[in-house]
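Please look over the structure below before reading on.

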Amino acid sequence: MAEDILINVTPFETRVAIVEQGAVQELHIERSIQRGHVGNLYLGKVVRVLPGMQSAFVDIGLERAAFIHVADLRQNRAERNAGGTLTPIEKLLFEGQSLMVQVIKDPLGTKGARLSTQISIAGRMLVYLPHEPHVGISQKIEGEEDRLALRERVVQLMPDDEKGGFIVRTQAEGANDDELAADLSYLRVLWARITTKAKSLPAPSLLYADLTLEQRVLRDMVSPETGSILVDSRATAQRLNEWADTFTPSVKDRISHYSGERPLFDTANVDEEIEKALSRRVDLKSGGYLIIDQTEALTTVDVNTGGYVGGRNFDDTIFKTNLEAAVAIARQLRLRNLGGIIIIDFIDMDDSEHRASVLAELNKALSKDRTRMTVSSFSQLGLVEMTRKRTRDSLAHQLCEPCPTCQSRGHVRTPRTLCYEILREILRESRQFNPKEFRVLASQAVIDLFLEEESAHLAMLGDFIGKPVSLEVEAAYSQEQYDIVLI
């Protein structure tokens, strides 16, 4: 089924939407202010060697000098893996020395970036190790036979003059030889460009920046089903064409600049879909709905019939709602980028054939997802348990923050609860202090309740403590905020 990729570019943010049959299936956002340095390659200059700490400071052109430890030097890799004695850093580095380094940890607070000379460059299916003549397999690829077969295929694809090595990523499972060869070629071309720059640029200089979001789209997300790639920035479209010309030539003819009068994302109602994706409730066309709750430990999805009363009987209504929900759930997982453990509570079905059909529909819809996942059958409690690999922050974590009003509980105390809390607090303070008056500053809802239904209780308290209690609305206060002023 054909899909289109829409790329919206602004100076502060790049957004990518994958659209299939007019509906947004996937959304990626990258903000320029949040882009880190991890993965970047620099030609740095050693500014200070510290034998006592077995480390050195390296100027790579950032605000603060970066830091490298003796264990992160390529020359000590074999000794470190074997548990042997490391060569002292003062015998390997000297002040003023030019050094190709890679950032492995971003600057934090007053600390500079952490560096390594053990270079690795990630592709879609392979990670290139230009200084390590070794082919490894990701530990997440299970099955010894599959691991050996993948390793042998990569070794066969490597040119005879290759001095480096590769790590096969989990994405390589199921890849054919043409896909592996394309990734291998891309990484070799990229490394050749980096080494050429290293010979011609002065230190400190940036040699390679980790790919931007739009470049990662071309590398990782374009598939044979991809129809068009529309970019609403002429300059970005031109850069992507140049980049694709070198690294992904088969993609170049699909890239075009969008110059329509309507904003690009409006053509597919992307902003409206983002708003819906931040909501707990997802309405289904039949009248049913999903409730999606994301917690630290797991994500739960509850399916409800809602207003759907169609079908010949109740079982048929439940079955059709669950079938529709299965497709909607798969889309929401991609759109919201929900990862980790996911528990789906379909509406209970007594018919085993219905359960099998719903599970098959869910697996079919999930098959379009690029992210690795596992799906179990229905449990004894009628729940479907699944896992989806966390690849980046969920959409809600990217765009939202905990509510300062409810302290991320998802609810606030009622005005009546707050009234009683205020009354208890006034009673407590009357035993410690002796003011002329107690003044309550609170939200409109709390003050209104004190003036109406809770006026008798407020009067009783005033008589009991022998002090007047006055009320004042503070418009800036949230419902849970209040202050008791002693006058």
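In which helix is Glu353 found? Glu353 belongs to helix 8, which covers residues 352–366. The model is predicted, and the points below are grouped by topic.

**Overall form**

- The protein chain contains twelve helices and 24 strands.
- The radius of gyration of the protein chain is 30 Å, whereas a compact globule of 487 residues would have one near 23 Å.
- The C-alpha trace spans about 95 × 70 × 55 Å along the principal axes of the protein chain.
- Of the 487 residues in the protein chain, 43% are buried.

**A patch of negative charge**

- Glu353 gathers on the surface with Asp315, Asp348, Asp350 and Asp351 in a patch of negative charge.
- Glu353 has a relative accessible area of 59% and counts as exposed, because the cut-off for exposed is over 50%.

**Salt bridges between separate parts of the chain**

- Side chains of opposite charge can pair when their charged atoms come close.
- The count of salt bridges comes to 24.
- One of the salt bridges joins Arg331 and Glu273, with 2.9 Å between the closest N and O atoms.
- Arg331 is in helix 7 (residues 314–336) and Glu273 is in helix 6 (residues 270–277), so this pair ties together parts that are 58 residues apart in sequence.
- Arg331 is buried at 18% relative accessibility, and Glu273 is buried with a relative accessible area of 15%.
- Another salt bridge links Glu454 to Arg416, and here the closest N and O atoms are 2.5 Å apart.
- Glu454 sits in the loop between helix 11 (444–451) and helix 12 (455–465), while Arg416 lies in helix 10 (residues 415–430), so the pair ties together parts that are 38 residues apart in sequence.
- Glu454 is buried, with a relative accessible area of 2%, whereas Arg416 is partly exposed, with a relative accessible area of 32%.

- Arg428 and Glu425 meet through their side chains in a salt bridge of 2.3 Å, N to O.
- Arg428 and Glu425 are three residues apart in helix 10, which means that about one helical turn separates them.
- Arg428 counts as partly exposed at 42% relative accessibility, and Glu425 counts as partly exposed at 22%.

Methods:
Residues are numbered from 1 along each chain as its sequence is written. This is a predicted model: local features need pLDDT of at least 70, side-chain atom pairs count only at pLDDT 80 or more; totals for chains, interfaces and linings use all residues. Side-chain values use heavy atoms; hydrogens and water are left out. Patches are made of residues with over 30% relative accessible area and no salt bridge: like charges are joined within 9 Å, nonpolar side chains (Val, Leu, Ile, Met, Phe, Trp, Tyr) within 5 Å. Accessible areas come from the Shrake-Rupley method with a 1.4 Å probe; for residues, only the protein chains shown count as cover. A salt bridge is a side-chain nitrogen of Lys or Arg within 4 Å of a carboxyl oxygen of Asp or Glu. Lys and Arg count as positive and Asp and Glu as negative; His and the chain ends are not counted. The place of a charge is taken as NZ of Lys, CZ of Arg, CG of Asp or CD of Glu. Helices (H or I, at least four residues) and strands (E, at least two) are DSSP runs, numbered from the N terminus. Buried means under 20% relative accessible area, exposed over 50%, partly exposed in between (1.4 Å probe, protein chains only). The radius of gyration is taken over C-alpha atoms; the globule rule is 2.2 Å times the number of residues to the power 0.38.
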